[in-house]
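Colleague: I am new to reading protein models. Could you walk me through one, feature by feature?

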Amino acid sequence: TALHLDNGVIFDTRSILISVSGLFFGLIPTAISAIIMILYRISLGGPGMIVGVSVVITTSIIGIWAHRYLLQRILATIKRSGLSIYLFGVAVHIDMLLCMFILPKELRWETLESITLPVILLYPVGTYLLCKILLGQIDKNLLMNQLAASEEKYRTLAENTSDMIWTMDTGFNLTYISPACRRIFDETPEEFMTKPILQRIFPED
């Protein structure tokens with residue numbers, strides 16, 4: 001939601017969105033988003049139009065730069081990346097405040113007086129929170145990929161060993177039988193699993 005100041009300048013969170021887009025998604029998605037934002041800001045007009053366009057352009061550039069030089073370091077230390085992300089947010093919003101100097105003199109100081117405190121205190125926090133949400137999703141996807149690779153590794157091992165490997169759930173229902181059961185029991189895994197495991201155990205055992 002945009003905030004319209006009394007002097008006609010429009011103040012919103014586009015700096016957070018476009019810089020985080022640059023950081024995580026790189027040049028092409030960010031350029032497309034920036035063009036859309038710029039066209040929309042031009043359509044709104046007003047005394048802050050040039051400033052708004054400048055904020056989109058410069059924060060996009062900062063995000064894209066960070067994608068190239070900062071993102072891999074953040075991903076390598078996801079659990080300890082909070083300070084780097086916060087400082088990224090601070091840098092983006094110092095840039096945003098510097099763009100206010102493009103305003104006419106009669107609007108410049110009034111605008112800076114109105115927005116400096118929330119921009120420098122709240123916007124880096126907003127940037128941090130949005131980045132943490134995206135990093136959480138990335139971390140989850142990495143764990144899922146590692147789990148899938150591990151499962152594939154052990155499935156390949158189980159399917160090529162001469163010993164029979166089997167698993168069952170807490171109800172003693174078979175959930176997996178390795179192909180070696182064909183050699184040992186002359187049954188396919190599917191056939192072997194049709195008979196409850198307890199029926200294959202001698203009472204004496």
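This is a predicted model: local features need pLDDT of at least 70, side-chain atom pairs count only at pLDDT 80 or more; totals for chains, interfaces and linings use all residues.

Colleague: Let's begin with the inside. How many residues does the largest nonpolar core have?

Modeller: In soluble globular proteins, nonpolar side chains tend to be buried together. Here the largest nonpolar core has 26 residues, and L23, F24 and M100 have the most contacts inside it. Helices 1, 3, 4, 5 and 6 each supply at least two of its residues. Helix 6 gives the largest share, 7 residues. A second, separate core has 7 residues, among them M164, L174, I177 and I197.

Colleague: What does M100 touch, leaving aside its neighbours within four places in sequence?

Modeller: M100 is in contact with V51, V55, R108, T111, L112 and I115.

Colleague: Now the helices. At what angle do helix 3 and helix 5 pack?

Modeller: The angle is about 155 degrees, and the axes lie 9 Å apart. Angles over 145 degrees count as roughly antiparallel, so helix 3 is roughly antiparallel to helix 5. The crossing is right-handed.

Colleague: And which residues meet there?

Modeller: Helix 3 brings residues including V51, V55 and I62, while helix 5 brings F88, V92 and M96, among others. The residues of this contact divide into 9 nonpolar, 4 polar and 1 charged.

Key: Residues are numbered from 1 along each chain as its sequence is written. Side-chain values use heavy atoms; hydrogens and water are left out. A nonpolar core is a set of buried Ala, Val, Leu, Ile, Met, Phe, Trp, Tyr and Cys residues joined through side-chain atoms within 4.5 Å. Buried means under 20% relative accessible area, exposed over 50%, partly exposed in between (1.4 Å probe, protein chains only). Helices (H or I, at least four residues) and strands (E, at least two) are DSSP runs, numbered from the N terminus. Contact means heavy atoms within 4.5 Å. Axes are lines fitted to C-alpha atoms, for helices over the stretch in contact, and angles run from 0 to 180 degrees between N-to-C directions. Angles under 35 degrees count as roughly parallel, over 145 as roughly antiparallel, 65 to 115 as roughly perpendicular and the rest as oblique. A crossing is left-handed if the near helix is turned anticlockwise from the far one by less than a right angle, and right-handed if clockwise. Ala, Val, Leu, Ile, Met, Phe, Trp, Tyr, Cys and Pro count as nonpolar, Asp, Glu, Lys and Arg as charged, and the others, Gly among them, as polar.
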